[in-house]
Each structure stands twice: as C-alpha cells, then as structure tokens.
Amino acid sequence: MNDRSALKALIDVAQVLEDLGVRFHIGGSMASAVHGEPRQTRGIDLVVDVSQPQARELVRRLAERYYGDEDRAAEAVHRRRAFNLIDLQGGFELDLFCLGDSAFDRAEFARAVALDLGDQPEIRVRVKSVEDTVLRKLLWYRDGGGHSDRQWSDIVGVLRVCRATIDRAYLHQWADELQLSGWLARAEQESNA
C-alpha cells in the first residue's frame, strides 16, 4: 500500500462524511499505528454513526472513484454491521463499521480524539483513543480465537509506546466489564519487557 493513496482515500471519504453530517472516527490498524508502532495495512477502518439515507448518499457521491453497493450499505446500517468502499484506482479498501449500541460502543465513540491528518492541518479527523484502541483490538483478538499475531503485536505496541500516558483506570474498568482482564494482563506484561 502506498501511504499517499491511503491518505487520499481517507481524505476523500472524510470530506464526504463531514458534508453529510456523519460523525466518525478512525479505528483498527490505522489507530494502532497512530498510537503505537506503525505497520503496513491494505485498509482503513472507520466507525460511523450513519443513517441508511446517509450511507446510500455516501456511496453515490464516491461512485466515480470508489466501488460500493448502496443496498449493502443500507443493510449494514440496519443490522449495525460493516460495509466497504474500494478505491477503483488502487484497490485500497475502507471498511465502515456502523456504531453499535452497547455501552462500550457509545463510550468508545465519545472518547475518540481529534488529530490533524497528515500534512494537511485544515483536515482534522477523530481517532479512537489509546485505551479504546487496545480494548477493541483485545476484543478482536479474543473473538478470533487468540491466533492473530498482527492484532497482538498492535496491542503490545500501543501499550509499550503509550505506557506513560494511558488511562489505566479506564482501561482496567472496561477490561473487567468486557471479560478481557486476563488478555490485558498478558499484554501489559509483554509490553513492559
């Protein structure tokens, strides 16, 4: 993946989301790269608080450069799942995860932090917080059977880089509620090595 193509894709989609009044933030491996140790990725994950009409309009507005299916996007919103947009020029994928309705989903969404995007300071985007990046990746790791080396290295990398600034009370509170305490303890131990 070309970093410029990722940045261009993110800017394209962010501008349309903002025009439509859709609240969103960056998650996944891009969030862990912002907070932790960078790594290559073929996609960008966005968490979106979007309606079915907004999802359809997003796909329509980006149709010249991105492949997306309006019906799948609307169905994803209805089911609170994910839909994607694929860059027709480079095959780059953006996965848009519809905001869930759990207490953690809402807390995570509210805590996203605004950051300048690349070398374009006039474009600010929200990125999942450090703590929520760790928690969400722990959920993906656990739910995937604990087999993803990429997820695990992202978790440990964020904990290592942000060791001095992380809100441990928040992190441990949600780890307890989400039944992730054992995984978190292991990751914290590895990040201190």
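Is Phe97 buried, partly exposed or exposed, and what is its relative accessible area? In this predicted model, Phe97 has a relative accessible area of 31% and is therefore partly exposed, since that value falls between the limits of 20% and 50%.

Phe97 and Trp140 form a tilted pair, with 6.5 Å from centre to centre and 35° between the planes. This pair links distant parts of the chain, as Phe97 lies in strand E5 (residues 93–98) and Trp140 in helix H6, 43 residues apart. Trp140 is likewise partly exposed, with a relative accessible area of 30%.

A further aromatic pair is formed by Tyr141 and Trp183, whose arrangement is edge-to-face, with 5.2 Å from centre to centre and 85° between the planes. This pair also links distant parts of the chain, for Tyr141 is found in helix H6 and Trp183 in helix H9 (residues 181–191), 42 residues apart. Tyr141 counts as buried, at 5% relative accessibility, whereas Trp183, at 26%, counts as partly exposed. Together with Trp152, the residues Tyr141 and Trp183 form one aromatic cluster. The face of Trp152 also has a charged residue over it, namely Arg186, which lies at 4.1 Å from the ring centre. An arrangement of this kind is found at Tyr170 too, where the charged end of Arg111 sits over the ring, 3.7 Å from its centre.

Helix H6 (residues 130–143) also contains Lys137. Although Lys137 carries a relative accessible area of 3%, a value that makes it buried because the limit is 20%, its side chain makes a polar contact with the side chain of Gln151, at 2.9 Å. When neighbours within four places in sequence are left aside, the residues in contact with Lys137 are Gly28, Ser29, Ser32, Arg39, Gln151, Asp154 and Ile155.

Burial is also found in strand E1 (residues 23–27), where 4 of the 5 residues are buried, so that the strand is largely enclosed by the rest of the structure. Strand E1 is joined by 5 bridges to strand E2 (residues 43–49), and the two strands run antiparallel. Within this pairing, the bridge partner of Arg23 in E2 is Asp49. In a regular strand, the side chains alternate between the two faces of the sheet.

Notes. Residues numbered from 1 in each chain as written. Predicted model: local features only at pLDDT ≥ 70, side-chain atom pairs only at ≥ 80, totals over all residues. Heavy atoms only, no water. Buried < 20%, exposed > 50% of the residue type's maximum accessible area, 1.4 Å probe, protein only. Polar contact = N/O pair within 3.5 Å; in protein donor to acceptor, adjacent residues only side chain to side chain. Contact = heavy atoms within 4.5 Å. Pairing = 2+ DSSP bridges. Phe/Tyr/Trp six-rings, centres within 6.5 Å; stacked < 30°, edge-to-face > 60°. Lys NZ or Arg CZ within 6 Å of the ring centre and 35° of its normal.
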